[in-house]
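Subject: Structure for you to look at

Hello,

Here is the structure I said I would pass on. Please open it first, then read the notes below it.

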Amino acid sequence: DGFRGYNLQTCSVCSLAVHERCYGMTLTTTKNLNFVCKACAAIGSKVEVNKPSILGKSSSTKETIRVQERPTECVLCNVHDGIHAMHPLFDTHGPKGRQLVISSQGGDSNRKLAWVHTLCANFICSKTGGSVYGCYGDDGRYEDDSDQEYADEENEVRFYAMATKEKGKETAWSRIITDSRKTILCSICGKRDNSGDSLR
């Protein structure tokens, strides 16, 4: 804690400790005793999502999904339990983006909100040059989204989004993630993501 300016904050609900810089928070030198991680803060909330929820698209029709318990499953790897730093994964960036809804086997009754381990999102982002990217503020902007300068306190990562195909065709960014996901291994468990919940 404090090494090279990496201040740790501990969630007051689940006791998860996160580096402010790694978690995409505003950097401080003090402890926030009321800090609640994004996963715990989501418990009991109603999340507005696009209907249908499609990666890379938004919709004018919305619905809500209630978060019943702390999310533990990451859609970028095959680790589906434990207490980890998590961020929501949105269907697209910008103000029209909403948290992605995924369905596992069983159809609509098994729909759930998409979450990513912050570490997985940062790892894929750094290894692929930005195919998964952090979005900031209520307007969901990303680093190269605007020429406008924002104050540091506005640059907390609110959610992650994933580069996708456009009009059914691979873009330079979506091709990077498609190719990288074939060989990339989780730096924690050493496994490839071959589960049925994969976004590939």
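Two residues are said to be in contact when they have heavy atoms within 4.5 Å. Please also keep in mind that this is a predicted model.

**The protein as a whole**

The protein has 200 residues, and 40% of them are buried. Its secondary structure comes to 4 helices and 11 strands. Of the contacts with a separation of 6 or more, 56% are between residues 24 or more positions apart. The protein exposes about 11400 Å², and carbon and sulfur atoms supply 48% of that area.

**His 117 and Val 79**

Which residues does His 117 touch, leaving aside its neighbours within four places in sequence? They are Thr 72, Cys 74, Cys 77, Val 79, His 84, Ala 85 and Met 86. Is His 117 buried or exposed? His 117 counts as buried because its relative accessibility is 6%, and the cut-off for buried is under 20%.

Val 79, one of those contacts of His 117, is in the loop between strand 4 and strand 5 (86-88). At 17% relative accessibility, Val 79 is also under the 20% cut-off, so it counts as buried. Val 79 and His 117 are 38 residues apart in sequence, but their C-alpha atoms are 9.1 Å apart in space.

Strand 3 (residues 46-50) and strand 4 run antiparallel and are joined by 5 bridges. In one of these pairings, Val 47 has Ile 65 in strand 4 as its bridge partner.

The side chains of strand 4 alternate. On one face are Glu 63 and Ile 65, which are buried.

Lys 51 and Pro 52 are joined by a cis peptide bond, with omega at about 5°. Most peptide bonds are trans.

Lys 51 has a relative accessibility of 44%, so it counts as partly exposed. Not counting residues up to four places away in sequence, Lys 51 touches Ser 59, Thr 61, Lys 62 and Glu 63. The C-alpha atoms of Lys 51 and Thr 64 are separated by 9.3 Å, and the two residues are 13 residues apart along the chain.

Ser 60 is found in the loop between strand 3 and strand 4 too. It counts as exposed because its relative accessibility is 74%. From Ser 60 to Lys 96 is 36 residues in sequence and 8.6 Å in space, C-alpha to C-alpha.

**The second largest pocket**

How much space lies in the second largest pocket? The volume is about 350 Å³. Its lining has 19 residues, and those nearest its centre are Glu 69, Pro 71, Lys 112, Leu 113 and Trp 115. Two elements give two or more residues to this lining, namely strand 4 (62-66) and strand 7 (111-113). Strand 7 gives the most, with 3 residues. By class, the lining is made up of 9 nonpolar, 3 polar and 7 charged residues.

**Strands 1 and 2**

Ser 15 is in the loop between strand 1 (8-10) and strand 2 (17-19). Its phi is near 70°, which is a positive value in a residue other than glycine. Most residues other than glycine have a negative phi. Ser 15 counts as exposed because its relative accessibility is 56%.

Ala 17 is found in strand 2. At 43% relative accessibility, Ala 17 counts as partly exposed. Which residues are in contact with Ala 17, leaving aside its neighbours within four places in sequence? They are Leu 8, Gln 9 and Thr 10. The C-alpha atoms of Ala 17 and Cys 37 are separated by 9.0 Å, and these two residues are 20 residues apart along the chain.

Regards

Methods
Residues are numbered from 1 along each chain as its sequence is written. This is a predicted model: local features need pLDDT of at least 70, side-chain atom pairs count only at pLDDT 80 or more; totals for chains, interfaces and linings use all residues. Side-chain values use heavy atoms; hydrogens and water are left out. On a 1 Å grid over the protein atoms alone, a cavity is a set of points where a 1.4 Å probe fits but cannot get out, and a pocket is an open set with protein on both sides within 12 Å along at least five of seven lines; lining residues have an atom within 4 Å of a point. Grid points are joined across faces, edges and corners, and a volume is the space filled by probe spheres set on the points. Ala, Val, Leu, Ile, Met, Phe, Trp, Tyr, Cys and Pro count as nonpolar, Asp, Glu, Lys and Arg as charged, and the others, Gly among them, as polar. Buried means under 20% relative accessible area, exposed over 50%, partly exposed in between (1.4 Å probe, protein chains only). Two strands pair if DSSP finds at least two bridges between them. Accessible areas come from the Shrake-Rupley method with a 1.4 Å probe; for residues, only the protein chains shown count as cover.
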